[in-house]
Amino acid sequence: MPSLSFNPILLFLDFQKENKNILLFGIRPVIEAITSGKEIDKIFIQTGLSGELSGELRKLIHELKLPFQYVPAEKLNRLTSRNHQGIIAYLSLVTYQNIENILPSVFEQGKNPLVLVLDRITDVRNFGAISRSAECAGVDAIIIPARGAAQINGDAIKTSAGALHKIPVCRSENLKQTIEFLKESGLQVVACTEKTGVLYHTADFSLPTALVMGSEEDGISEENLRLADLQIKIPVLGEIQSLNVSVAAGIVLYEAVRQREVSSYKV
């Protein structure tokens with residue numbers, strides 16, 4: 001009788017998938033995942049890790065510009081009780097795309113581009129809710145930074161109602177350079193911020209537009225704010241001085257929809 005065999009890595013992946021994340025641990029399995037073309041969301045490397053195999057992994061990470069972070073062993077031990085060998089990676093639930101490829105295609109189709117740039121949105125449910133509004137509003141792509149952004153996990157997918165499987169998500173190594181590319185491509189950059197007196201409905205969203213929304217903690221970074229062609233705000237009349245970022249994104253996106261005179265809506 002042939003002996004039964006199983007792959008413990010695949011079994012562990014399935015278990016983690018039920019828990020809304022796809023987690024992979026161990027140096028060799030992570031290297032194999034990368035070289036086989038799997039989308040990597042984030043890699044945690046134990047501080048002080050050394051050795052030939054870990055050096056091979058670091059080389060791959062730098063060559064492919066994969067997001068990684070050095071962390072203490074205690075953090076890795078909290079993520080899994082298995083023998084992680086100082087390496088844990090999260091596999092992505094979406095395939096990241098390149099805005100440099102998407103934007104020319106949008107123009108070629110005769111569309112009026114509407115792109116959403118999220119500057120360090122870290123809450124997965126906020127990110128999911130924003131993505132849902134963006135897909136409904138006909139946004140052509142969402143751009144996020146490679147580091148300091150919400151993980152696209154099961155909670156984000158669920159909150160987006162599946163929108164994250166429908167709308168292109170682009171990961172940027174340098175958000176400043178990406179915003180500059182959008183400007184050079186003919187898009188006006190509109191930043192939603194409390195640091196202005198210009199109301200959101202006065203912006204001309206009939207133009208090709210990249211809308212920038214900032215983090216829950218401190219809004220849009222000063223570096224990226226300076227790149228904006230226009231800064232706008234949503235008036236707040238109550239005692240609480242700011243809106244949830246997902247609500248704010250929905251308000252401004254649908255002002256763009258209104259101005260672009262969309263004649264039919266999917267109910």
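Which strands each supply at least two residues of the lining of the largest cavity? In this predicted model, local features need pLDDT of at least 70, side-chain atom pairs count only at pLDDT 80 or more, and totals for chains, interfaces and linings use all residues. Residues are numbered from 1 along each chain as its sequence is written, and side-chain values use heavy atoms, with hydrogens and water left out.

The strands in question are strand 2 and strand 6 (141–145); strands (E, at least two residues) and helices (H or I, at least four) are DSSP runs numbered from the N terminus. The largest cavity has a volume of about 90 Å³, taken as the space filled by probe spheres set on grid points joined across faces, edges and corners. A cavity here is a set of points, on a 1 Å grid over the protein atoms alone, where a 1.4 Å probe fits but cannot get out, and lining residues have an atom within 4 Å of a point. Among the lining residues are Asp41, Lys42, Tyr96, Ile144, Pro145 and Arg171.

Strand 2 (residues 40–46) also pairs with strand 3 (residues 68–71) in the parallel sense over four bridges, where pairing requires at least two DSSP bridges. Within this pair, isoleucine 43 stands opposite phenylalanine 68 of strand 3.

Turning to the loop between strand 6 and helix 7 (154–159), this is where asparagine 153 is found. Asparagine 153 counts as buried because its relative accessibility is 10%, the cut-off being under 20% relative accessible area with a 1.4 Å probe and protein chains only. The side chain of asparagine 153 reaches the backbone nitrogen of alanine 156 at 3.0 Å.

Note on methods: On a 1 Å grid over the protein atoms alone, a cavity is a set of points where a 1.4 Å probe fits but cannot get out, and a pocket is an open set with protein on both sides within 12 Å along at least five of seven lines; lining residues have an atom within 4 Å of a point. Buried means under 20% relative accessible area, exposed over 50%, partly exposed in between (1.4 Å probe, protein chains only). A polar contact is a pair of N or O atoms within 3.5 Å; within protein, one must be able to donate a hydrogen and the other to accept it, and residues adjacent in sequence count only if both atoms are side-chain atoms.
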